[in-house]
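Open the model in your viewer and keep the sequence panel beside it. The stops below say what to select next and what is there.

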Amino acid sequence: MDIHTVFNRRNKYGPLVFSFNVELLKSEHVNNVRITKVNPVHWNSTQSEKDWYYSDLDEFKDKYKRGNKLKDVGSMLILKDINGKLPLRPFLNKFILDNPNVSVNYNGNETYLSDIVTEKLLEELTKNEFEDVPKHLRHKNSLVNCSCWSQYKNFNRGDLSDLKKLFHPDPGA
Ligand SMILES: [Zn+2]
């Protein structure tokens, strides 16, 4: 689920999405998939695993996407037995980066933030040999029915710490 598109707002997990082909789940890299019923940040110790995870695919089919998008967004895939690593290839489809539509002072010049981030990101992708993977800049030139630009604009008015956390290669700098 692309949270940004579904809720017409920025994704709180960050402005860069790695989009994978669902075939990944059937590949040899993944032996065990569990799907959470609610976002694990809302789990508590009085609950049991039955409250945390769907018990089987039938229960998932029965209860997922039944009109409560807010509930559905808490369904996360937990991949077990991958030894802490998930290979990006061959199932990485594309990178999606938000254009926050703000400009910042960069080396003394007012510069469009997405131009800076795109350039830095391309450098990193090339360095790591991912330059062939499709890249999409979300809201490149315009925005329809989404609140993210006003959210990013507010960040750009404040002390910039939130904006830095999201877009700066070295947020502590
Ligand atoms: Zn948006």
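Which residues are buried in H5? Select Leu113, Ser114 and Val117: these are buried in H5. A residue is buried if 20 or more other C-beta atoms lie within 10 Å of its own, exposed if 12 or fewer, and partly exposed in between, with C-beta atoms placed from the backbone. Helices (H or I, at least four residues) and strands (E, at least two) are DSSP runs, numbered from the N terminus.

Before going on, two notes on reading the model. Residues are numbered from 1 along each chain as its sequence is written. The model is predicted: local features need pLDDT of at least 70, side-chain atom pairs count only at pLDDT 80 or more, and totals for chains, interfaces and linings use all residues.

**Helix H5**

Stay on helix H5 and select residues 113-127. The end C-alpha atoms of H5 are 21 Å apart, which agrees with the 21 Å that its 15 residues should span at 1.5 Å a residue; the expected span is 1.5 Å times one less than the number of residues. Now look at the buried residues again: Leu113, Ser114 and Val117. Seen down the axis of H5, the buried residues fall within an arc of 80°, so they line one face of the helix. That arc is the one made by the directions from the helix axis to the C-beta atoms.

Turn the view to the other side of H5, where Glu119, Glu123, Thr126 and Lys127 are exposed. Contact here requires that the C-beta atoms of two residues, placed from the backbone, lie within 7 Å. Just after H5, select Glu129, which takes a positive phi of about 60°.

**The three-stranded sheet**

Next, select E1, E4 and E7. These three strands form an open sheet in the order E1-E4-E7, with mixed pairing. Its edge strands are E1 (16-20) and E7 (135-138), each of which pairs on one side only. From one strand to the next the twist averages 25°; axes are lines fitted to C-alpha atoms, for helices over the stretch in contact, and angles run from 0 to 180 degrees between N-to-C directions. Two strands pair if DSSP finds at least two bridges between them.

How many bridges pair E1 with E4? Five bridges pair them, in the antiparallel sense. Select Val17 and find Ile96 in E4 opposite. On to the other pairing: strand E4 (residues 92-98) and E7 run parallel and are joined by four bridges. Ile96 stands opposite His136 in E7, and Leu97 stands opposite Leu137 in E7.

Select Arg89 and Pro90, which are joined by a cis peptide bond with omega of about 5°. Pro90 sits in the loop between strand E3 (77-80) and E4.

Go to His139, in the loop between E7 and helix H6 (148-157). His139 is not a glycine, and its phi is positive, near 55°. Is His139 buried or partly exposed? It is partly exposed, because 17 other C-beta atoms lie within 10 Å.

Then select Lys65, in the loop between helix H3 (57-63) and helix H4 (69-72). Lys65 has a positive phi of about 55°, although it is not a glycine. Lys65 counts as exposed because it has 12 C-beta neighbours inside 10 Å.

**Strand E2 and Asn32**

Select strand E2 (residues 32-35), which holds Asn32. Asn32 counts as exposed, with 9 C-beta neighbours inside 10 Å. Leaving out residues up to four places away in sequence, Asn32 touches Lys80 and Asp81.

**The whole chain**

Zoom out and colour by domain. The domain assignment gives domain 1 (3-22 + 85-167) and domain 2 (32-80); such bounds come from an automatic or database assignment. Taken over C-alpha atoms, the centres of domain 1 and domain 2 are 28 Å apart.

The protein chain has seven helices and seven strands. Along its principal axes the C-alpha trace spans about 55 × 35 × 30 Å. Of the 173 residues, 9% count as buried.
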